[in-house]
Amino acid sequence: MDKIRVENLNAWFGSMHVLKNINLSIKEKYISAIIGPSGCGKTTLLRCFNRLHELSPGARVEGNIFLGNLNIYGKDVDPVIVRRRIGMVFQRPNLFSNMTIYDNVIAGYILNNKRLSKSEKDEIVERSLRLAGIWEEVKNRLREYPSSLSGGQQQRVCIARALAVQPEVLLMDEPTSALDPISTYRIEETIRELKKEVTIIIVTHNMQQAARVSDETVFMYLGEVIEIGPTAEIFTNPKKKLTEEYITGKFG
Amino acid sequence: MNYRTRKIINRVMLTISMITFLIGSLFLFWILGDVFIKGIRYINFSLFLELPKPPGVPGGGVANAIVGTLILTLVASLIGVPIGMMIAIAITEYHLGKLAWWAKFLTEVLTSFPTLIIGVFVYTIIVIPMRTFSALAGSIALSIIMLPVIAKSTEESLKMVPISVREAAYALGVPKWKTILRVVIPSASSGIVTGIMIAVARVMGETAPLLFTSFNNVYWSLSLTKPIGSLTVTIFNYATSPYDDWRNKAFASALVLVTIILILNIIARIYASKKGKH
Amino acid sequence: MSKSIGDKIFKGLAIFASLLLVILVISLFISLVIYSIPSIKKFGFKFVIDKIWDPVADKYGALPAIYGTLVTSFLALLIAFPISIGIAIFISELAPIFLKRIFSFIIELLGAIPSLIYGMWGLFVLAPLLQLKIGPFIQRILGFLPFFQGYPMGVGYLTAGVVLSIMIIPTISSLSREILMAVPMDQREAGYALGMTKWEVISKVVLGNAKSGIFAAGILGLGRALGEAVAVTMVIGNFHDISISLFSPGVTITSVIINQFAEATGELKLSVLMELALILFLITFLIMGFARYYILKRIVKE
């Protein structure tokens, strides 16, 4: 079943045409990886899914993206609502440094003035941190500040924070590129577990990570989708020559 | 020029440079020391608790002036801080093009603007229509003086907050205005608070603008629509008077004023450096 | 970005605040002009070059005030500029790192002292000193110059100039210090590697790099001196005339406005003071504007 459907999506940075007529579908509760060389537009595409791209000065988007039945680029659609249904984890952990770990995890509720009882908050915090695979490590440190955690731990708390508002889709923009191999491995484990809860779209410049983690792979080059298909096929039997050349490292 | 000469010139110039610093420090301690010596022996309870009395009459104080300065500063802050912060937010958080450029430029212009002229301006737009000097006019004049200081320090603090923090909030579905109020500003709070403290210290010491707006009042007054006494105007009047008694009180009050202002500056500095390490 | 009411209101407030600032500055200029009109109509351009100040006959001239403002401010800059550069160099290039903050702070405190206090120090400490000790001393050595003739009264252009110079030292030196510290380390290292002495590196490399910025700092200090009111009023001597001698008392635009305000009954008298304020506004604006333009040109050239 299609969770997300992209129709004729075009995006610009000023006069630079960075996404050219993108058409694709993302399947529900799948992990889809977007790969491609630097500058191919994969991060831009990801940021179009939660309408973050248009916040950059000079940025423009045309086309449609359907989340279920809703066209998130529809005329009267509030981007803020979209972002509550589609969450994001960034390249570098960006926890709020003046909030405790506990408050960071439920920030999605607090900052939007949602009233919750203490027990509701506790429950959400624990559930989210468990899903992110870091509950045991921080359960006694919830009142501490993010700076006391390592990079890998902070990134997991970011994942917990994004999951706390129960989004339908989780976008991950090169989530392990700033981390060491061990943290990377553990987060990849977590991502595979999370498939049961959310649809995941992950951008990565690391092909091996895409091969390890994802069910579907989208290969992009110079702003266009070149090929999309089951990960196993893309990596063992790509249909397009360009895909094959990228996979085998002829350019990157 | 041989090497020996160059070495001598080097020594001489560097020593001169050090001397200039000593000269600067000398003036600091000379001026402060003078106020201290001349003022300390006239500091007593009646200075803080009594109303002004004619020269030569025993007792008498500047209690109403102290309260007046506090009121003027408080009201000025209530006006100047929010507006100054909003100007900074307009410049850094929104893409307002030409308007942002003008706001930034005029903030610079207003920063070292003669405060006398600001006082005269407020005289024309508030005192004349109201047909009276007033604490309100004084506060407005002071708030105009505070505006650019607050705007500049807030702007610099906001710029230091990385974009990723804002994006984290947007990605959670937090609207922009809530992001600014509940994420960006708290992140920048130490710089903003420091700026406010320094702005307050600055306007507490202003005299010229008050001469045309809040004027002076030797009786108790808490009203915003009547003239109000202030420490600076009182000191100015007393110091330029021919009476020894008043001059002594001027120095004592000046000591009080300078002490408050310097303490504010020192606290602001310490707060800024402590928070910087966090 | 979003269509919510909260965002629209908040953005509106931000725009409103910015517009308020623009309107403020514009109306400041306009009100000065409007209130100056009666005076401009009566005295015309002669106002700027007239010396007379006769409240009884209602005849006024701005020349002594303009002269006094310019003389005291430029004198202050003359004294303060080298000292400020020296301080900036000392803190930026010579002081050990752990002392830089403390030294900067000392100079900052100097700048935090209210002008009223400077005025009092000038009136009660510097003026008597100038009258009794320093003035006669200067006269013995430099008395042949027209600048130092006449009886040192204690108050006057020189006293005001010195007081102003101390007041603007923090302004010029803080900005200069920042600019010097912004010159990259590798520029200095290039100089040392060529065998330059420390002073040569400072004077030829660092200062060379920082020239336009330091010029800007000087202009900023000048601007502050031009606009200073209370301190100058207390030590200028309130004498409505022009004199070449620095020992002579005089007036400045700000001192006239302060001293004459109480007697400004009637539309014309007020208007005269307003025109003086307008002239000060224009002088300040022109000098700052010229400096900004000049600096922009140099930055573009570099």
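Tutor: Let us begin with a definition: helices are DSSP runs of H or I with at least four residues, and strands are DSSP runs of E with at least two. Please note that this is a predicted model.

Student: What share of residues 101–126 of chain B is helix, and how far apart are the end C-alpha atoms?

Tutor: That span is 88% helix and 0% strand, and its end C-alpha atoms lie 29 Å apart. The unreviewed UniProt entry lists residues 101–126 of chain B as a "transmembrane region". The record gives residues 132–151 of chain B this feature too; there the chain is 85% helix and 0% strand, with end C-alpha atoms 30 Å apart.

Student: In what order do the strands of the open sheet in chain A stand?

Tutor: Two strands pair if DSSP finds at least two bridges between them. In chain A, 4 strands form an open sheet in the order 2-1-4-5, with antiparallel pairing. Strand 2 (16–27) and strand 5 (70–71) of chain A each have a single partner strand, so one side of each has no neighbour in the sheet. Between strand 1 (residues 2–13) and strand 2 of chain A there are 8 bridges, and Ile4(A) is opposite Ile26(A) in strand 2 of chain A.

Student: How many residues do chain B and chain C bring to their contact?

Tutor: Chain B brings 66 residues and chain C brings 63 residues. On the side of chain B that touches chain C, helix 1 of chain B gives the most, with 19 residues. By class, that side of chain B has 46 nonpolar, 14 polar and 6 charged residues.

Definitions and conventions: Residues numbered from 1 in each chain as written. Chains lettered and ligands numbered in written order. Predicted model: local features only at pLDDT ≥ 70, side-chain atom pairs only at ≥ 80, totals over all residues. UniProt positions renumbered as here; feature names shortened; annotations may be inferred. Contact = placed C-beta atoms within 7 Å. Nonpolar A, V, L, I, M, F, W, Y, C, P; charged D, E, K, R; others polar.
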